[in-house]
Structures are given as C-alpha cells and as structure tokens.
Amino acid sequence: MVFVVCLYHPSIHPPIHPSIHPSIHPPIHPSIHPSIHPPIHPSIHPPIHPSIHPSIHPSIHPSIHPSIFFNTVNYYIQNVKEEQAVGARYCQSLDELLKDSDFVVLAVNLTPETTGLIGHRELSLMRSTATLVNISRGQVVDQDALVDALRSGTIRGAALDVTHPEPLPRDHPLLSLPNVVITTHIGTNTMNTCHRMVESMINNSLAVLTGRPIPNEVRAQ
C-alpha cells in the first residue's frame, strides 16, 4: 500500500494578482502570464448560496447568515436538524418547498429515489420567477423537462454545476439558452474547501500509518 502526500508551496503556484482573492479565483500556473489569462471578476464566480449551512459546505464563513440575503430559507430533508441555527423553515413536502421558494437548490445524493426528482410536474409547481440550482448530480433533474420549462417561461432560469452527461454535447439545447448558467462541476473549488480536502487526506493517511481509527473510513456493506 502506497500513500502519496502532496505538499503545497506558494512559490510553486502563486496567485495571479493580489487583488483577486484565492477563494474567488484559484491560482493559475505561473507560466500563464496575466496578460494572457487576466483575472476573472468576482461577479462572474460568486460565492455559493449563503443558505447552505457551514456544516454542509464548510467553505462558507459562519458569520454569513442567510437572513442577510433572504427573508426565509425553506428546506425539505429527511433528517431535520440545525433549523434554528440558520433560521430555516421546514417544509412538510417537496411540493410545498417548490411552490414557496424563489431559489430551489438541489444538494442530494444520487439514488434510485432521487433520480429524476425534478421533472415536468415539479417544475410546473415552481414560481415563474424562480431559479433552479443543481449542485448535486445531473440525473436528479429531467433535463428535457428543464429545457421545456426554461423555454416556456415556467421558471425564470437555472444554474447548473452538474449535468448528464458531463460535459454536455456541443449541440445540447441547454448550452444555447440565455437563462441558463452552466459550470464544469467545480462548485466546491474554493480555497477553503481545497485546504480541508488536503487536511482530510493527510489525517486519513496518518491514521492508517499509525494504526489509529480512520476519520473518514468507508466500509463495504
């Protein structure tokens, strides 16, 4: 068994420009001159939605409370917890959440139960001013139904960090719609999250080498 630990040093991989915060635009290799690849404006790559609690997405600073941006945060999950911490309102059903939300953020595992979770019926329940955000897996959304909803104005827009397949074919209709933003499955690519991933890898490796319990062990059923 071989463990490889990658060490990071800023002299090898410096930031593009000091005015661009690393969490907004990760460093680019020094061989790429800024004149060739200029810094990206932060408005193009905004932070992830503040309603996602830090325990779920640790790259968001805990001082950012969703009430700063929205009056109410609705959620629908099987395990109800930390509701008061984020000032959220529990919805008794997915239908209730879809009807009452301006932004519907999908952050679920891909399972037989969640495959096709959002289809024609679910999209028809959403507000015409609503935006669908998918940061889970592409198969959770019926993409043909989504195209129809976006073209007809059933919903206002969609922001997709995941699609099916990835990448989409060049002639896929989602790529030509003006009310869709698609990113390349990089929703977690913030500096804080990358640091936590490296720390987790090192801690797991050291646990194996020293005979301690592995913090993030996945056991076969």
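How many disulfides does the structure hold? It holds 0 disulfides, a disulfide being a pair of cysteine sulfur atoms within 2.5 Å.

This is a predicted model: local features need pLDDT of at least 70, side-chain atom pairs count only at pLDDT 80 or more, and totals for chains, interfaces and linings use all residues. Residues are numbered from 1 along each chain as its sequence is written, and side-chain values use heavy atoms, with hydrogens and water left out.

**View 1. The fold of the chain.** The chain has 5 helices and 6 strands, taken as DSSP runs numbered from the N terminus (helices H or I, at least four residues; strands E, at least two). Their order along the sequence is β-α-β-α-β-α-β-α-β-β-α. Of the 221 residues, 29% are buried.

View 2. Cys91 counts as buried, at 0% relative accessibility. Cys194 is partly exposed, with a relative accessible area of 27%. Buried means under 20% relative accessible area, exposed over 50%, and partly exposed in between (1.4 Å probe, protein chains only).

**View 3. Around Ile155.** Leaving aside residues up to four places away in sequence, Ile155 touches residues including Arg127, Ser128, Ala130 and Ala149. Contact means heavy atoms within 4.5 Å.
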